[in-house]
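Student: I am new to this structure. Could you take me through it by question and answer?

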2 protein chains.
Amino acid sequence: MKSLVFSLVALLSLSTPSLSQTVWPKPQKLLEREDVYLIDLENFHFLLTPNSPQECAVVIRAFERYRSLILEGTTTCARPVPKKKTKLLGPILRSASETLSNITISFQSCEEEYPSTSMDERYTIHVGGVEGLTNVSANTAWGVLRAIETISQLVYPVQVEDTDRNGEFKQTLAINGTFILDYPRYSYRGILIDTSRHYIPVDVMKENLDAMSYNKFNVFHWHIVDDHSFPFVSKKFPQLSEKGSYDSETHVYTPEDVQDIINYARDRGIRVLPEFDTPGHSLAWKAQEGLLTTCYNTTTGLPDGTFGPVDPTKEENYHFLYELFSEVNQVFPDSYIHLGGDEVEFDCWKSNPQITKFMETKGIETYEELESFYLNTLINNISNLNMSYLVWQEVIDNGVEIDRESTIVNVWRWYTPEWPIEMENVTEKGYKVVLSAPWYLNYIHYGPDWRAYYDSEPEGFNGTAQQKALIVGGSACMWSEYVDGSGITPRLWPRASAVAERLWSDKRVNSTDEATPRIKRVQCLMQQRGLRVEPIDGPGFCLCDHAFK
Amino acid sequence: MKSLVFSLVALLSLSTPSLSQTVWPKPQKLLEREDVYLIDLENFHFLLTPNSPQECAVVIRAFERYRSLILEGTTTCARPVPKKKTKLLGPILRSASETLSNITISFQSCEEEYPSTSMDERYTIHVGGVEGLTNVSANTAWGVLRAIETISQLVYPVQVEDTDRNGEFKQTLAINGTFILDYPRYSYRGILIDTSRHYIPVDVMKENLDAMSYNKFNVFHWHIVDDHSFPFVSKKFPQLSEKGSYDSETHVYTPEDVQDIINYARDRGIRVLPEFDTPGHSLAWKAQEGLLTTCYNTTTGLPDGTFGPVDPTKEENYHFLYELFSEVNQVFPDSYIHLGGDEVEFDCWKSNPQITKFMETKGIETYEELESFYLNTLINNISNLNMSYLVWQEVIDNGVEIDRESTIVNVWRWYTPEWPIEMENVTEKGYKVVLSAPWYLNYIHYGPDWRAYYDSEPEGFNGTAQQKALIVGGSACMWSEYVDGSGITPRLWPRASAVAERLWSDKRVNSTDEATPRIKRVQCLMQQRGLRVEPIDGPGFCLCDHAFK
């Protein structure tokens, strides 16, 4: 089978665009040649060069995962349907340049145990060519992960003559001669999942981490607690989830669950960035006595039995938050934490006489200032934890001044002001920014709404080059008012794939027409790998859509 | 444990509304008393009275199914999560009126092997009361199916003292003293699933048949073929699916698959009503040569390579359709078939010179008349098959006259004219009608859109009582442009449950506020039984939503 004379004839039956052109998200530079290499299925493996770190666990586990994704995933459906005949896939390949059994991987550094804000995801791939080999090269383990995901998308099924059985064909895989140089446009490419409005099971989150890695996302923004429930089990304050979760046995994330998710994400080059939203969106923190503001009935002057945002007047609340955030800081390896700060409703603060008195004493004149006081006191208090922060845009809208070096502003409001204006404002003030506003995927629309997500250009606002350089990336958000584990995966994917390419690929990769067959392919690929992801661009089929149960 | 003195104390901790008030769809008459009966889990079974048919397979299989749904489904999640502790559910019950081990079922007739248009679904349930027993009474097996679904919704988990272990509690089930007299408002309560735009796997259809039975739907309108694919495997014309399906091995319904679905539906009291839509929506029938109209380029006067609706001028086409429909009639036991007839586009017919000539010869002046000619010829040709028909509204809008006894008009257009006007028109002409227009569930909206479905009243049009008596029922439609097996179940349910209650329950059951906690409960119940159905009314949780994988 080795070194057969190459012929292009059989390949003409391949559908266009050719497979390397369908990699999602589109690589920065990609050259595909006409030389075709067969994969030696029995001996196929990833081979580390001698000068690469040999014991890099993330890389070694990824080799195992991708070996099976490549060998099985591209030839059969991950959810087998036994009663149907298996049939041979792909075009007939009568001859190939060579047979490949190794993909050689070379990388420098396995120093970072967890992916970080400065993770280096750059990689190159040479398939065939002058060296006649398949070489992957990257600086870090994270680059290796991105490279082998790309390779898994370059490989395609073909049929070749079975030399053991005259005239019959057998299934194998092939890859075209290809050169790729690739790196992300933005360093922050996130998915927000809200596990407070509805609980999302750990297995379903892992499924979504898989999908994220197939789309080269690198930040899981875990909106873990909110008004509706507090599923995070704190070792220091177990009463928070005992009283604040929907069910303290079944609807919580234990320390082991959280560690499991962090490690699962790490293995896929994904940072886990938790959000503990205060001072608003914290009603489920009720187990911590005195934390929430007591709301008053303004007619009777008595407490009305309800609670509002965190009470910013009590020193013990800052002590509590220090203790909680220092635990969070220990649990989550990422240097960033999302502090929230959105949609703080002032009515309860206004109704509370102690708060009025406090403001008078401190000379605080507006509730925006009070929020600012709260946030600055919190941040000063936890400063020795050396964390960096994301905050929702209102924090800046309301005039809070925070350190520009360690803070990223998360722009989310798709309404007044419209996000391009907000992007202009926030970057004008010199803040780094992560854009989420056009990517609230919880809002659903009939039809191919992925196109609008794809068309949303982060730089699409009035501003200087300096301002635009402050864009760190973006994230798609799945708030869980109307989703739980039953349907979050098909609702997110492949709609979120549109965001993946916008954040990874070059700005000029911006044609929905060109993207359509490719996003359909990544949809089919994810289905083939066993994920429940749904069609988003009209009638049609995927190889494995018959295999859902 | 027998004949304990009854005490209401423990039951006060039950959440309101009480469980029998939450049956979905709401029974016609329901009286709940305060007497509570424990279920003897070890000996619980359904018992037939001696004068009931003893060998009625549908009933016997339903007993098995519901015995396990009641015993397991209400105490644990169908998808177990092994690592979580099982805990006892429900309020503590300190004493009960009596322990029940039997539910006695009495019914008259098991004559119909398959449910039909005249199926009798009426039933009564007495739990406790003067007789001190649980009795179900129905005329037919179909009534028994509806009754035991209701019973499965009346039973709820409680904790009782474990007499073997002092001071400890154990899990059991209870049911309140209840009287129910129930029957459907409409005899036709359907769900349309489109298996042409995307293929829907057999297992996923079965999952939806389960959900239908939990909601007392009784018609599966199988929109089996269309322009996009022809997955129905015909024994007489195997080339139709060979050439017309997305994949003739994996994306087809074999005769065994079809029989499997019919039987699965039959066991749940659900009719399977297939639609073979002609003369439009038939591009996937291309394997039958000459069937489709050749379209012409009007400038060159030559065929343009595309095809249009069925060619109504060729006698052999009617022969073919006769053969196909006689096979369909043999395969599907239902006396009704849906003939389609919607959205016939006339451009191709207009372009074709043979058609123009045919119209001249026959004195046919308009294309509406040509469509009418086609449909009448088809119906005359297949008249000896003794089928009854559903047709989409355009057939009547275009002035076709069909037998009013054997035809039901399916009103679907939610736009001009708005459906209440169309309902008025169609019933004024004396046609029976099935309403689908307000229930196109493939159109998705953010938020609790089930309320609009619930508010859509079939009688909400200007018309006489006689006209309103022509309403046979309604059906919710899931066209599959944007769904496949990955997400059709969470997209349909429990949104379709809103339609279920509208079609089963009394017209005066029309408050979305009153329905909200009940539709949430049926959502949780379906999840508990292992179905992927999604939240539709804002944040919250179900007992089993943590168990999705």
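Student: In which sense do strand E14 and E15(B) of chain B pair, and over how many bridges?
Tutor: This is a predicted model, where local features need pLDDT of at least 70, side-chain atom pairs count only at pLDDT 80 or more, and totals for chains, interfaces and linings use all residues. Residues are numbered from 1 along each chain as its sequence is written, chains are lettered from A and ligands numbered from 1 in the order in which they are written, and side-chain values use heavy atoms, with hydrogens and water left out. Strands (E, at least two residues) and helices (H or I, at least four) are DSSP runs, numbered from the N terminus, and two strands pair if DSSP finds at least two bridges between them. Strand E14 (residues 336-340) of chain B and E15(B) run parallel, over 3 bridges.

Student: Which residue of E15(B) is the bridge partner of B:Ile337?
Tutor: Look at the pairing of E14 with E15(B) in chain B. The partner of B:Ile337 in E15(B) is B:Tyr389.

Student: Which residue in E16(B) stands opposite B:Val391?
Tutor: E15(B) is joined to strand E16 (residues 407-411) of chain B by 4 bridges, and the two run parallel. Opposite B:Val391 stands B:Val409.

Student: How many of the residues of strand E15 of chain B are buried?
Tutor: Buried means under 20% relative accessible area, exposed over 50%, and partly exposed in between (1.4 Å probe, protein chains only). B:Ser388, B:Leu390 and B:Trp392 point one way from E15(B), B:Tyr389 and B:Val391 the other way, and all are buried. Strand E15 (residues 388-392) is therefore largely enclosed by the rest of the structure; the count is 5 of the 5.

Student: How far apart are the end C-alpha atoms of helix H6 of chain A?
Tutor: The expected span of a helix is 1.5 Å times one less than its number of residues. Helix H6 (residues 315-331) of chain A has 17 residues, so it should span 24 Å. The actual separation agrees with that: 25 Å.

Student: What covers the buried residues of H6(A)?
Tutor: Among the buried residues of H6(A) are A:Tyr318, A:Phe320, A:Leu321 and A:Phe325. The cover includes, in chain A, helix H4 (239-244), strand E11 (271-278), strand E13 (302-310), strand E14 (336-340) and helix H9 (367-381).

Student: How many disulfides does a search of the whole structure find?
Tutor: A disulfide is a covalent bond between the sulfur atoms of two cysteines. Here it is taken as a pair of cysteine sulfur atoms within 2.5 Å. Over all chains, the search finds 6.

Student: How many residues apart are the parts tied together by B:Cys56 and B:Cys110?
Tutor: These two cysteines form a disulfide, with sulfur atoms 2.0 Å apart. B:Cys56 lies in the loop between strand E2 (45-48) and helix H1 (57-73) of chain B, and B:Cys110 in the loop between strand E4 (102-109) and strand E5 (123-128) of chain B. The pair therefore ties together parts whose separation in sequence is 54 residues.

Student: Is B:Cys110 buried or partly exposed?
Tutor: B:Cys56 counts as buried, at 2% relative accessibility. B:Cys110 has a relative accessible area of 31%, so it is partly exposed.

Student: Is the link of A:Cys524 and A:Cys542 left-handed or right-handed?
Tutor: A disulfide joins A:Cys524 to A:Cys542, S to S 2.0 Å. Both A:Cys524 and A:Cys542 are buried. With -75° about the S-S bond, the link is left-handed.

Student: Which residue of chain B has the C-alpha nearest the axis?
Tutor: Copies are superposed by least squares on the C-alpha atoms of residues with pLDDT of at least 70 in both. A rotation of 180° with 0.0 Å of shift along its axis superposes chain B on chain A (RMSD 0.0 Å). That is the relation of a two-fold axis. At 3.0 Å from the axis, the nearest C-alpha in chain B is that of B:His445.

Student: Which residue has a backbone oxygen 2.7 Å from a polar atom of the side chain of A:His45?
Tutor: A:His45 lies in strand E2 (residues 45-48) of chain A. It is partly exposed, with a relative accessible area of 32%. The backbone oxygen belongs to A:Asn43.

Terms used:
Contact = heavy atoms within 4.5 Å. Polar contact = N/O pair within 3.5 Å; in protein donor to acceptor, adjacent residues only side chain to side chain.
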